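I opened this notebook to record what I looked up in the structure, entry by entry. The headings give the topic of each entry.

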Amino acid sequence: MDVVEVTPAFEQYAFTFGGVAPLRRILPGTALRVWSDDAFCGVLRKPSDLSGEKVDLRFVNPQTGPFHVEGAEPGDTLALHFVAMEPARDWGASAAIPFFGGLTSTDRVATLQDPLPDTTWIYELDRAANTVTFAAQHTDLEIALPVEPMLGTVGVAPAGGEVRSSLVPERFGGNMDTPQMRPGTTCFLGVNVEGALFSVGDGHYRQGEGEACGTAVEGAMTTTLIVELLKGGAPATAPSWPRLEDDTHWMTVGSSRPLEDAWRIGQVELVRWFGELYGLHPMDAYQLLSQIAEVPIANVVDANYSTVVKARKSLLPRAAAYGGLHDDLRRRAATLC
C-alpha cells in the first residue's frame, strides 16, 4: 500500500470539529502518515515556560485535518485503524493550568479557592530506552516511564451543522482522551456530514486513566492510519457513539457530564452492540455485561467527561463486527510496517 504523507503548517491546523474546509480529499482504503502538533502548539519547551504566559487558549488541541473521505454520507460508518504512533519530538510537556484539571476549582466546579500554581513539567524522551522521564519540580526525584503513545482527539464533523471545540468529546468523538486510542485499535465513527470530515491530533506520549491534572505528556506525533468506509445500514452499522475494537476487547465510549451519565452512555452502547454481535436481547446483554465489563475512566477534565466500557473477547464466543473489518485492517497494516 502507498502511504500519503501529510504535515500541516500552523495556518492549516483545525481547532474545531465542523466548520473547517477539508485539508485534503482521500479515497476509502487510503493509508495516511500524518504529523500533528502537541496540545500547546509546541510553546511549552522548558519548566520556566508557564501556560499563563505562553499558551493562547484560542489555539489549543490543534487537529490535523479535516479529511474529506470520498463517498462518505450520513448514515455510513467511518473506520480508522491506527497502525503506528511515533513521538515526533524528543520531549513532551505537561502542565497544571490555573482553573483547569480534576482536583482544582474550574469554571464549572466553582469555589472560592485560589487556583493551583501554574506549573510546567518537561519529559525528556529516550528513544533507545523508549521512555520519558518524570522530573519532580520540588524534589530531586526522577522516574523513567515507558512511552505508551495514544491520540487524545479523534473525531468527525458533528451533525446538524454544529461546530465544536477540539477540547470537547461528544457523540462525534473528539477529545475523548482515552489511552485505548493507540496502535492496533480500530475506531468506528458514525458519519454525520458528506465526506465525514475527520481530524486527529492531541498526541500523548503517555497518560494515566482520567488525565487527572488535565494534561498528559503532550507531544507532537507522527501517526500512521488506514481509513475505511462502511456504506449504509444506519443505525445498525452506523454507531451513534464511538466504538473501538482491538485484538482483545470490544469497547464503547460515552462522553457527558456528570461522569455517571458518560458511564451510562457507554454501557447502553455496548448493550446495543452486543445485540448486533451476538443476537442478544437487551436484558440478556445487560446482565452479561454486568458481570464482565471493565470501565476505565478516560478523562474527568474536559468539557464533557469520557468513560470507556470494555468487554474482553476471550470471555465470549467469537464474533465479527462490520464483516470482520478490524482483522482485515490488521492484515493490511502488517504490510506497512
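I count a polar contact as a pair of N or O atoms within 3.5 Å, where, within protein, one atom must be able to donate a hydrogen and the other to accept it. The model I am reading is a predicted one.

**Entry 1: Asp-76**

With that cut-off in hand I looked up Asp-76, which sits in the loop between strand 5 (63–69) and strand 6, and I found a polar atom of its side chain 2.7 Å from the backbone nitrogen of Gly-232. Asp-76 has a relative accessible area of 3%, so I list it as buried.

I then turned to Thr-186 in strand 15 (residues 186–190), which counts as buried because its relative accessibility is 0%. Its side chain makes a polar contact, at 2.8 Å, with the side chain of His-81. Setting aside residues up to four places away in sequence, I noted that Thr-186 touches residues including Ala-79, Arg-243, His-326 and Leu-329.

**Entry 2: helices 2 and 3**

How do the axes of helix 2 and helix 3 cross, and at what angle? I read that the axes of helix 2 (residues 259–278) and helix 3 (residues 282–292) come within 9 Å and cross at roughly 120 degrees, and that the crossing is right-handed.

Within helix 3 I listed Ala-285, Leu-289 and Ile-292 as the buried residues; they cover an arc of only 70 degrees around the axis, which puts them on the same side of helix 3. These buried residues pack against helix 2 and strand 21 (305–312), whereas the face turned away from the buried side carries the exposed residues Met-283, Tyr-286 and Gln-291.

**Entry 3: Trp-241**

Trp-241, in the loop between strand 17 and strand 18, is buried, with a relative accessible area of 7%. Leaving aside neighbours within four places in sequence, I found Trp-241 in contact with residues that include Glu-170, Phe-188, Val-253, Ile-265 and Glu-269.

**Entry 4: backbone geometry**

Most residues other than glycine have a negative phi, and most peptide bonds are trans, and I therefore looked for exceptions to both. A cis peptide bond, with omega about 0 degrees, joins Gly-65 and Pro-66, and Pro-66 lies in strand 5. The bond from Arg-257 to Pro-258 is also cis, with omega near 0 degrees, and Pro-258 is in the loop between strand 19 (249–256) and helix 2.

For phi, I noted a positive value of about 60 degrees at Cys-41, in the loop between strand 4 (31–36) and helix 1 (51–54). Leu-197 has a positive phi near 55 degrees and lies in the loop between strand 15 and strand 16 (198–204). Cys-41 is buried, with a relative accessible area of 16%, and Leu-197 counts as buried at 16% relative accessibility.

Note on methods. Residues numbered from 1 in each chain as written. Predicted model: local features only at pLDDT ≥ 70, side-chain atom pairs only at ≥ 80, totals over all residues. Heavy atoms only, no water. Axes fitted to C-alpha atoms, helices over the stretch in contact; angles between N-to-C directions. Helix = DSSP H or I, 4+ residues; strand = E, 2+ residues; numbered from the N terminus. Left-handed = near helix turned anticlockwise from the far one by under 90°. Buried < 20%, exposed > 50% of the residue type's maximum accessible area, 1.4 Å probe, protein only. Arc of directions from axis to C-beta. Contact = heavy atoms within 4.5 Å.
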